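Hi,

Here is the structure I promised to pass on. Have a look, and my notes come after it.

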Amino acid sequence: MGRIPDEIIQRIRDHTDVVDLVGRSVALKRAGRNHKGLCPFHDEKSASFNVNPDRQTFYCFGCHEGGDVFSFLMKTENLTFAEAARSLARDAGIEVPETGGGPGRGISEQLYSANTTLLERFRSELARSDCPGGPYLERRGLAPEDVERFQIGFAPDAWDTAVAALSAAQIPAEIGEKAGLLQRRERGGHYDRLRGRVIFPIQDVRGRVIGFGGRAIGADQEPKYLNTPETPIFRKREALYGFPQALDPIRRSGRAVVVEGYFDQIALCRAGIGEALATCGTALTTDHARNLRRRTQRAVLLFDGDAAGERAMLRALEALLPSGLRVHAALLPSGDDPDSLLEREGPDALRTLVDAAPAALDVAIDRAVATGHETPEAKADAVENVAPLLALVPSAIERSEYCARLALAVGTEARHVEAAVARAARGEDPREAVPIGPRRTGPEERHLHQLARSLVEHPSLAIRIPSDELPGLVSGGPVAELVRCLVEAAAEDRGVAISELEDRLSEEARNLLRALAIVDSPLDEAAAAQTVEDTIRWFRDQELKRREQEITRRLRDPSADEDEKRRLLDERQQLLQRKRQLASSAAVPDATAVPPS
Ligand SMILES: [Zn+2]
């Protein structure tokens with residue numbers, strides 16, 4: 001792929017806001033000059049992921065991922081730098097000169113474009129007056145404006161519609177195959193995967209088509225639902241149907257409503273519940289849970305009111321609770337789906353059902369108790385049934401409250417329930433994220449750290465540090481590396497662009513730079529200058545002490561001859577003098593101050 005000119009990269013950077021970009025996948029809250037949220041790169045329950053709009057950077061104190069808008073996309077979407085740049089350019093309406101064209105583009109880009117091409121083809125098919133998809137959707141209660149709004153299409157009952165559409169768009173059949181749109185014939189060539197089906201486009205949060213769901217319209221057509229398979233861009237464990245459209249409603253309503261099918265999701269949207277999402281042919285996973293938890297704390301599950309629906313609800317709870325989501329469960333009247341309820345009783349009935357959904361754990365407790373709690377054995381069974389779910393609740397306060405409710409419901413003491421929950425918790429997969437504690441640091445590390453922090457905040461102060469003296473003062477390690485890099489950049493008389501410095505640093509030093517760049521308490525310049533002076537003095541002092549100890553050690557060495565002893569004593573004299581100088585300069589702050597810049 002051709003190189004993207006620097007001025008284009010700069011324009012992309014200028015036109016992209018890191019808070020906007022990250023905000024599409026992480027719910028961010030303002031905190032001082034940063035925005036905070038749950039890290040998309042590791043599992044966590046309290047926010048250690050920071051976004052700094054001034055510097056246009058992000059950093060996680062938990063897992064140390066950090067970077068700028070480009071690296072955020074590269075990391076979250078597995079893109080190369082050029083792919084991320086092109087993607088951001090497209091969002092910002094910036095034209096990137098195409099070099100090389102089609103086949104040179106990244107595989108993800110090609111898959112998106114194959115999907116988009118096919119979506120257009122499917123939609124134009126549904127618009128035809130003789131398309132059997134039209135009457136089918138009408139029977140399901142969808143008006144033409146719904147079809148438009150949800151971008152529904154139709155795959156004709158033929159073997160080569162997709163083959164021809166992709167070929168007309170000059171997209172190689174191999175790409176169509178990778179996108180899951182085409183299947184390879186044994187004797188060579190390809191044929192369509194989706195045939196004779198109403199087609200629902202599945203999009204990622206950024207609105208790109210990542211796959212399709214297809215609903216059969218023939219009575220004897222199997223399977224009823226057929227999705228495109230997992231591809232590099234379609235990860236079913238994370239994908240949620242309706243995501244880009246639901247982002248705003250989720251933010252506004254403070255909840256996400258999760259259903260199992262495309263028609264259910266559409267029925268909820270038609271009833272004014274825009275925060276509805278559907279899984280794409282899988283059960284809810286912990287990846288879905290993370291995806292949701294980053295955007296809201298409340299999830300409402302909507303399931304069939306029969307036994308199968310209840311079991312599905314309990315399974316979903318297992319996936320959702322550990323993320324810290326507060327889950328509510330609305331069970332549909334037996335035999336109803338959101339579609340039929342909407343049709344029969346109108347949007348208000350559906351909205352009421354969702355709004356009044358009780359906490360899912362209360363539902364689970366009710367069901368367990370309903371099977372009987374008269375005998376001691378039945379009591380024990382009821383507790384043992386619900387305990388594993390309660391053990392998944394991360395908040396100790398919420399967990400203990402549910403234990404009390406379960407105890408009350410079965411008529412036993414809360415401590416017995418709590419013991420059962422503790423047992424269940426111990427039996428659980430201990431996949432707890434290991435908290436990364438503060439690294440044990442000595443005083444040298446601490447001083448260097450303060451120095452680095454002052455220099456990142458006020459890069460111009462770096463000229464106060466004599467760069468030739470530095471290597472003698474500080475030993476190795478990432479902090480020292482970072483300080484050296486900052487001092488060198490100052491010596492070269494250049495502005496310190498964080499992203500530029502990053503390229504010069506080792507991974508560890510780079511992480512440290514990002515961490516320092518995002519610390520949320522501004523340091524005023526005078527304080528930073530004082531820190532720089534103090535730190536330098538401290539290092540000089542340490543160096544003198546080291547020398548002094550060395551001299552003392554060698555003076556005690558019985559094998560040392562008189563000449564050497566005299567030389568060592570002289571040196572010690574000089575050291576003492578320098579120490580006194582250093583001490584007196586400390587008495588007058590800023591006495592060592594440095595040529596005006
Ligand atoms: Zn993290």
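This is a predicted model: local features need pLDDT of at least 70, side-chain atom pairs count only at pLDDT 80 or more; totals for chains, interfaces and linings use all residues.

Residues are numbered from 1 along each chain as its sequence is written.

Overall, the protein has 26 helices and 16 strands (DSSP runs numbered from the N terminus: H or I of at least four residues for helices, E of at least two for strands). Of its 597 residues, 39% are buried, that is, with 20 or more other C-beta atoms, placed from the backbone, within 10 Å of their own.

Four strands make an open, antiparallel one in the order 6-9-10-11 (pairing takes at least two DSSP bridges). Strand 6 (153–155) and strand 11 (225–227) are the edges, each pairing on one side only.

Strand 9 (residues 197–203) is the one to look at. Seven of its seven residues are buried, so strand 9 is largely enclosed by the rest of the structure. R197, I199, P201 and Q203 point one way, with V198, F200 and I202 pointing the other.

Three bridges tie strand 9 to strand 6: A155 partners R197, and G153 stands opposite I199. On the strand 10 side there are seven bridges, also antiparallel, and V198 sits opposite R215 there. The hairpin of strand 9 and strand 10 has five residues between the strands, and G207 takes a positive phi near 85 degrees.

Cheers

How values were computed
A residue is buried if 20 or more other C-beta atoms lie within 10 Å of its own, exposed if 12 or fewer, and partly exposed in between; C-beta atoms are placed from the backbone.
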